[in-house]
Amino acid sequence: MVGMISYLISFLGILFWGFRVVVVFCATMQIDFMVTPINLNLEIALLFVSIPCFALILKRNLKQKELENLKN
């Protein structure tokens with residue numbers, strides 16, 4: 001069950017990342033959107049920093065699953 005919750009958290013994080021991409025895109029194209037970033041440069045930097053974070057989280061999930069399979 002813990003593995004499933006971890007995957008759901010990862011999936012929600014990736015969905016939120018996609019939403020932030022849309023917000024940055026709309027801000028750079030000067031399209032009105034319900035959310036506007038406070039600092040565009042910081043927002044873009046955080047988008048790029050979060051990519052390796054998601055990769056590490058998913059890698060941890062896969063290693064945990066692999067260890068569980070070896071124990072059984």
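Trainee: Let's start with the cysteines: how many disulfides does the count come to?

Mentor: Keep in mind that this is a predicted model, where local features need pLDDT of at least 70, side-chain atom pairs count only at pLDDT 80 or more, and totals for chains, interfaces and linings use all residues. Residues are numbered from 1 along each chain as its sequence is written, and side-chain values use heavy atoms, with hydrogens and water left out. A disulfide here is a pair of cysteine sulfur atoms within 2.5 Å. By that rule, the number of disulfides is zero.

Trainee: Is Cys26 buried or exposed?

Mentor: We call a residue buried under 20% relative accessible area, exposed over 50%, and partly exposed in between (1.4 Å probe, protein chains only). Cys53, at 40%, is partly exposed. Cys26 has a relative accessibility of 9%, so this cysteine counts as buried.

Trainee: Which side chains meet in a salt bridge?

Mentor: Side chains of opposite charge can pair when their charged atoms come close. The rule asks for a side-chain nitrogen of Lys or Arg within 4 Å of a carboxyl oxygen of Asp or Glu, and the count comes to one. With an N to O distance of 2.7 Å, the two partners are Arg20 and Glu43.

Trainee: How many residues apart are Arg20 and Glu43?

Mentor: Helices are DSSP runs (H or I, at least four residues; strands are E, at least two), numbered from the N terminus. Arg20 sits in helix H1 and Glu43 in helix H2, so to speak distant parts of the chain, and the separation is 23 residues.

Trainee: Which residue caps the N-terminal end of H2?

Mentor: H2 covers residues 40-71, and its 32 residues reach 47 Å from first C-alpha to last, close to the 46 Å expected (1.5 Å times one less than the number of residues). At its N-terminal end, a side-chain oxygen lies 3.3 Å from the backbone nitrogen of Asn41, and the residue that supplies this cap is Asn39.

Trainee: How many aromatic pairs does the structure hold?

Mentor: Rings of Phe, Tyr and Trp (its six-membered ring) pair if their centres lie within 6.5 Å; planes under 30 degrees apart are stacked, over 60 edge-to-face, and the rest tilted. The total is two.

Trainee: And which residues do the ring pairs link into a cluster?

Mentor: Phe16 and Phe19 lie three residues apart in helix H1 (residues 2-28), about one turn of the helix. Phe19 and Phe33 have ring centres 6.0 Å apart and planes at 45°, so that pair is tilted. Phe19 is in H1 and Phe33 in the loop between H1 and H2, so the pair ties together parts 14 residues apart in sequence. The cluster is Phe16, Phe19 and Phe33.

Technical notes: Polar contact = N/O pair within 3.5 Å; in protein donor to acceptor, adjacent residues only side chain to side chain.
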